[in-house]
Amino acid sequence: MIFVEIKLTKFFKLLIVLKNSFAISLDMKKDIHPNYHTIKVEMTDGTQFETKSTWGAQGDLLKLEIDPKSHSAWTGGKQKLMDKGRISKFNKKFQNFKSDKKN
């Protein structure tokens, strides 16, 4: 613990020296960052949750048209049908290459 404290104090002394000698500002620049505030998000099934965002204004409601509960990329609904179509397309394309001999 003492070794860590010594390292930290040396680090802070270095920061002070750098700040004084090179005019480094450790503060964030003013008026360049977007307003980060709390909004409500409504899922397609009507459930809501609060999150922080730069979208809209404080307390606005963001209604989602697509979310993980309804989109096939997450549910896997339509993708499975597409896989079957790909397999049948492959089999149709290479059906003449089947061998009559059994190994």
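Strands are DSSP runs of E covering at least two residues, numbered from the N terminus. The exercises below use this definition on a predicted model.

**Exercise 1.** Determine which strand holds Ser 53 and whether Ser 53 is buried or exposed.

Solution.
- Step 1: Strand E2 spans residues 48-53, and Ser 53 is found in it.
- Step 2: The relative accessible area of Ser 53 is 17%.
- Step 3: Buried means under 20%, so Ser 53 is buried.

**Exercise 2.** List what Ser 53 touches, leaving out residues up to four places away in sequence, and find what its side chain reaches.

Solution.
- Step 1: With that exclusion, Ser 53 touches Asn 35, Tyr 36, His 37 and Ile 39.
- Step 2: At 2.9 Å, the side chain of Ser 53 reaches the backbone nitrogen of Trp 55.

**Exercise 3.** Work out the strand order of the sheet and name its edge strands.

Solution.
- Step 1: The order is E2-E1-E3, in an open sheet of three strands with mixed pairing.
- Step 2: E2 and E3 (61-63) each pair on one side only, which makes them the edge strands.
- Step 3: From one strand to the next, the twist averages 35 degrees.
- Step 4: E1 (residues 37-42) pairs with E3 in the parallel sense, over three bridges.
- Step 5: Opposite Leu 62 in E3 stands Val 41.

**Exercise 4.** Describe the protein chain by its pattern of elements and its share of buried residues.

Solution.
- Step 1: The protein chain has three helices and three strands.
- Step 2: Along the sequence, the pattern reads α-β-β-β-α-α.
- Step 3: Of the 103 residues in the protein chain, 8% are buried.

Conventions: Residues are numbered from 1 along each chain as its sequence is written. This is a predicted model: local features need pLDDT of at least 70, side-chain atom pairs count only at pLDDT 80 or more; totals for chains, interfaces and linings use all residues. Side-chain values use heavy atoms; hydrogens and water are left out. Helices (H or I, at least four residues) and strands (E, at least two) are DSSP runs, numbered from the N terminus. Buried means under 20% relative accessible area, exposed over 50%, partly exposed in between (1.4 Å probe, protein chains only). A polar contact is a pair of N or O atoms within 3.5 Å; within protein, one must be able to donate a hydrogen and the other to accept it, and residues adjacent in sequence count only if both atoms are side-chain atoms. Contact means heavy atoms within 4.5 Å. Two strands pair if DSSP finds at least two bridges between them. Axes are lines fitted to C-alpha atoms, for helices over the stretch in contact, and angles run from 0 to 180 degrees between N-to-C directions.
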